[in-house]
Amino acid sequence: MRLRNNPKANEILENHKDVVVLNTKEHKGHWRNIFDNDNPIFIEIGMGKGDFIIENAKQYPNINFIGVEKFPSVIVGALKKYDDSSYDLKNLRFMKEDALFLNEVFADNEISRIYLNFSDPWPKKKHAKRRLTSHTFLPIYQKLLKPDGELILKTDNRILFEFSLISFQQFHMDFHDICLDLHHSDGYEDNIQTEYERKFSPFGPIYRIVTTFKG
Ligand code: SAM
């Protein structure tokens, strides 16, 4: 899946300036100008090959979507899907960025929602700080999210899910909706699947939680 070693990846990104934002830090506080409107901005951190964010952009034209991904070769996979979809999605952008640096990219309160879908579980205890729901990242998200902005986590990994619940609770976050089996529960018919979700949901439940930070 990772395709991390495409030597032409950065060049391909450069050639997709219509949808890939390159100098991300230059737009801090001015992302509305990229979209030329004041619609809310939702981001997915670790978008992978982009199934989820592309489908969201199609279904919700009045929301602006940004897919954040650390590895350029992975973004190339998303670009292929974007090109194949033959949609001209004016409300969608991709960026190569590490979640660690998102406060250099977005101003305080600039983002309305963060999606974390099937984030890497980093199963070894010594790597716990690298999990995208650890206290390494929560203060970053808190700053860039609007006061009522949501952080929505979806995963098939029960250990990561339990770790995240504890991490959110210790960070005094509010829990709004917890689902322990997304694909077999009522009320989630509008769920948009990710690539990993399609791959792993046949083997067990998908967990999901909606949270907000305290003001
Ligand atoms: N969200 C997709 C899905 O559900 O199909 C991809 C899930 S994949 C397991 C996790 C993705 O997160 C990978 O593409 C990885 O490169 C990306 N990622 C991991 N750590 C990241 C970070 N610190 N910043 C941005 N992306 C990251």
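Colleague: How many nonpolar, polar and charged residues does the shell around the ligand have?

Modeller: The shell has seven nonpolar, four polar and eight charged residues. Please note that this is a predicted model.

Colleague: Which residues around the ligand come nearest?

Modeller: There are 19 residues around the ligand, and those that come nearest are Gly-46, Glu-69, Ala-99, Thr-194 and Tyr-196.

Colleague: Where does the side chain of Glu-44 stand relative to the ligand?

Modeller: An N or O atom in the Glu-44 side chain is 3.1 Å from a nitrogen atom of the ligand.

Colleague: And which backbone atoms lie by a nitrogen atom of the ligand?

Modeller: Among them is a backbone N or O atom of Asn-117, at 3.0 Å from a ligand nitrogen. For Lys-70, a backbone N or O atom lies 3.3 Å from a nitrogen atom of the ligand.

Colleague: How much of the ligand's accessible area does the protein cover?

Modeller: On its own the ligand has 600 Å² of accessible area, and the protein covers 96% of that.

Colleague: Turning to the helices, at what angle do H3 and H4 pack?

Modeller: Helix H3, residues 51-59, packs against helix H4, residues 72-85, at an angle of about 30°. Their axes are 10 Å apart.

Colleague: Is that crossing left-handed or right-handed?

Modeller: H3 passes H4 in a right-handed crossing.

Colleague: Which residues make the contact?

Modeller: H3 contributes Asp-51, Ile-54 and Lys-58, while H4 contributes Ala-78, Lys-81, Tyr-82 and Ser-85.

Colleague: How do the residues of that contact divide by class?

Modeller: In the contact of H3 with H4, three residues are nonpolar, one is polar and three are charged.

Technical notes. Residues numbered from 1 in each chain as written. Predicted model: local features only at pLDDT ≥ 70, side-chain atom pairs only at ≥ 80, totals over all residues. Heavy atoms only, no water. Axes fitted to C-alpha atoms, helices over the stretch in contact; angles between N-to-C directions. Helix = DSSP H or I, 4+ residues; strand = E, 2+ residues; numbered from the N terminus. Left-handed = near helix turned anticlockwise from the far one by under 90°. Contact = heavy atoms within 4.5 Å. Nonpolar A, V, L, I, M, F, W, Y, C, P; charged D, E, K, R; others polar. Near = heavy atom within 4 Å. Polar contact = N/O pair within 3.5 Å; in protein donor to acceptor, adjacent residues only side chain to side chain. Areas by Shrake-Rupley, 256 points an atom, 1.4 Å probe, with all protein chains shown as cover.
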